[in-house]
Amino acid sequence: MDSKVKILLGIIGVLFVGLVIWVVMNTPDEPPPITKIEPPKIMEYEGNTIIEEQNGVKLYELSAGKMIIDVETQNATFENLDGKFYQPSGRFFQLTAKKGNYNHQSGDIHVEGEVVVTDSEGAKLTGNELDFVGADQILIATGDVKIFKDDMRAYGNTAEAWNGLRHFKLKGNARIVKGVKDSEGE
């Protein structure tokens, strides 16, 4: 073998070793393992109704334009809510609001936005927000609260009502007007 061939083979060998070193140095690191992310388990409905019964007796019906329910906790959020709540006495009250949420474990409901409650005897409550405390069967309304019942009008910052709207108490800038004709004071 002549010296030119040996030199050429030597250069090729050096280039090959350089190529191997370059490939090894520029090989990317192994990517980190992909962590599995569990998406929240929710169901989303348009125009759905939830009905809660206990011992065959209907407690309430909640309908909503949009409803999102957490499958694991059974908690729900609502938009454009319309609900009907039944009392043991046979009376009921109707509830409408722009949005709200329901806690399945406690049975509590919070709603807000153009809240209107009417009972089966014609009484009406309006306010900015309302909480229904399931364990105590109490309504707590806040924000520009008005109660209309027969010839009586009541106004306040906060109202607590029970037994439908038969009994209530007002707090904050409270006033009651009696002897009001049909549409006066609304």
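1. Throughout this note, buried means under 20% relative accessible area, exposed means over 50%, and partly exposed lies in between, with a 1.4 Å probe and protein chains only. This is a predicted model, in which local features need pLDDT of at least 70 and side-chain atom pairs count only at pLDDT 80 or more, whereas totals for chains, interfaces and linings use all residues. Residues are numbered from 1 along each chain as its sequence is written, and side-chain values use heavy atoms, with hydrogens and water left out.

2. The chain holds one helix and 10 strands, and along the sequence these elements follow the pattern α-β-β-β-β-β-β-β-β-β-β. Helices (H or I, at least four residues) and strands (E, at least two) are DSSP runs, numbered from the N terminus.

3. The overall dimensions deserve attention: the radius of gyration of the chain is 34 Å, while a compact globule of 186 residues would have a value near 16 Å. That radius is taken over C-alpha atoms, and the globule rule is 2.2 Å times the number of residues to the power 0.38. Along the principal axes, the C-alpha atoms fill a box of roughly 125 × 40 × 25 Å. As one example of a separation within the chain, the C-alpha atoms of Ser-89 and Leu-19, which are 70 residues apart along the chain, are separated by 89 Å.

4. Of the 186 residues, 26% count as buried. The accessible surface comes to about 12300 Å², of which carbon and sulfur atoms account for 55%; such areas come from the Shrake-Rupley method with a 1.4 Å probe, and for residues only the protein chains shown count as cover. If contact means heavy atoms within 4.5 Å, then 31% of the contacts between residues at least 6 apart in sequence join residues at least 24 apart.

5. What makes up the largest nonpolar core, and which of its residues touch the most other members? A nonpolar core is a set of buried Ala, Val, Leu, Ile, Met, Phe, Trp, Tyr and Cys residues joined through side-chain atoms within 4.5 Å. The largest one has 32 residues, of which Phe-78, Val-117 and Leu-130 touch the most other members. At least two core residues come from each of the strands S2 (57-70), S3 (76-86), S4 (92-103), S5 (108-119), S6 (124-133), S7 (138-149) and S8 (152-162), and S2 gives the most, with five. Leaving aside residues up to four places away in sequence, Phe-78 touches, among others, Ile-50, Leu-62, Ala-64, Met-67 and Tyr-102.

6. Asn-80, found in strand S3, has phi near 55 degrees and is partly exposed, with a relative accessible area of 46%. Asp-150 lies in the loop between S7 and S8, has phi near 50 degrees, and counts as exposed because its relative accessibility is 67%.

7. Two further positions complete the picture. Thr-142 is placed in strand S7 and is partly exposed at 28% relative accessible area; beyond residues up to four places away in sequence, Thr-142 touches Gly-127, Asn-128, Glu-129, Asn-157 and Thr-158. Ser-89, in the loop between S3 and S4, counts as exposed, with a relative accessibility of 52%.
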